[in-house]
Amino acid sequence: FPSPTTFVSTFGYDARLLVADAYSQLFIVAQALGRLLISFIFTTIVVTEKELEIVFLGLAPFVVLPLCILIFVRLRWDITEGLQEEIMRVETAMLKKVDAVIDMYRMVADYNSRAVVVEDVIQDIKSANSFITKCAGVMANNIAFVEWVNAILMCGWVIIGGFDVGAGLLEGVETETKHMRLGTFLAMVYVFQSSGAQFHALFSLYLTISRTYPALWRATRFMNLPSDCSRRKDLTQFRVDETIKLMESGMREHPSMLFPLDTVPLIIEDLDFTYSEQGAIQTAIQGVSATIPQGSAAEITGEAGSGKATLLKILGQVLLPEAGMVFIPSHLRVLHITAEINMWPGTLAENIFFGLCASHGLMTDSYKSLPREEIERGWLICRQLRFTEDMQEAAEDLDSSLEVDSLPLSRSQRKLIHLARALIVNPEVLVIHHPAHFLNQAQRNIVSDTFRQWIDHRGLSMDEATRHMRRPRTLIFSSCKNTNSLRCANILIALTKDRPSRIFHYAQT
């Protein structure tokens, strides 16, 4: 997938360029074509009425100029197109370089490589500018071509038409030879000027529009990237069909149960997934099978490279399985939380209510419009996670405009905001990568107890009288082997390289 910098450039600069220098120019093209049509009709009328052979030369601009432009464009095509493709290549390379520098700015600073990296980027910019300068020179010469051709045509008309008018004046009105009158001559001079100007405008517009080719190529590439929508549609339909079958089976087996769908488990069966990068195929997970009942806390552990992140991404519906089956009942909301701590550019309150605003169809900065009971429930969850007094005050200050990045927050405090945001959304299935990272032992215990309460009570800070009406809550999380674990799990899925996964069930204490 193209880099974020290329994406921003395409839908920021390139999209504006396509509108300003391509789409909007079509109206000017229509205007120039209309004027050319009027000039052509006028010239045709004059030629028809005067019945003078010399007046037929007035049609020369409408024949010679388009023919010369076509020949010129064909001869210059390789040069012009080659420069544009080279500009596109160096611009794409420069954007990739800038994107890499932004992503690895910390490494660049830590190794004191700023001067070298900046000089490297400057060289790429100079290379791009040199091609842009060459292209500008080629375009300037191209634009001047029509002016030169039209000037030559006008000179020819002035010489030929001028001699004919002069001959008519010298011979007088009594001669039998028909000569062009001065008024007709001057009118045709205007036709030459007008048609030449319109052809020049059309050719300039063509060159302007052709300069948008790199932008059009990037936008077209983005709009035609391969999509997995059809596969997702098929998998969603499979989940729906399978859920209906299991619901009917549950109703037969548990006729007195209020919600038989709550007995339908999450199923992983013979799951395979491989990554393909630059022609190399790497197996991430192979033959993984597990059954996770609703209302469980499943911990996925294993050594580095065993496929923990891949499995969670498949369960979180970020990746699609290549072989095997992953079944999550279709009525359950699944929330996937990355290991990276993501902070939205807004206030602390906007960050913790970010997902809740989306579920209500609100803009992220409209959190004050949320129902009051849900806002207060979010504050209670923050207190349960032991937010500091300053953090809790910022979370409860709905009128604050202080952005979260300006607050002196440690990484563990940002992690708590990261977790609170997910718990406030309150999904039925929460898939989270390394929830204990950056937390000390006391904080891990608090988070673990909070997750266990979220599972046992089917939500946090909610009415206990309606607990039996709510869906079970299921937690699936990852941890490194023997480290950063949470004590709330009652199912352990151990992944190992080149061996089948092992599943352990144990009672929660």
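Q: Why is His-434 called buried?
A: His-434 has a relative accessible area of 14%, and buried means under 20% (exposed is over 50%, partly exposed in between, with a 1.4 Å probe and protein chains only), so His-434 is buried. This is a predicted model, in which local features need pLDDT of at least 70, side-chain atom pairs count only at pLDDT 80 or more, and totals for chains, interfaces and linings use all residues. Residues are numbered from 1 along each chain as its sequence is written, and side-chain values use heavy atoms, with hydrogens and water left out.

Q: What makes Arg-386 exposed?
A: The relative accessible area of Arg-386 is 53%, and the limit for exposed is over 50%, so Arg-386 counts as exposed. Arg-386 sits in the loop between helix 12 (372–384) and helix 13 (389–396), and has a positive phi of about 65 degrees although it is not a glycine.

Q: What makes strand 3 (residues 297–302) and strand 7 a pair?
A: Pairing requires that DSSP finds at least two bridges between two strands; strand 3 and strand 7 have six, in the parallel sense, so they pair.

Technical notes:
Helices (H or I, at least four residues) and strands (E, at least two) are DSSP runs, numbered from the N terminus.
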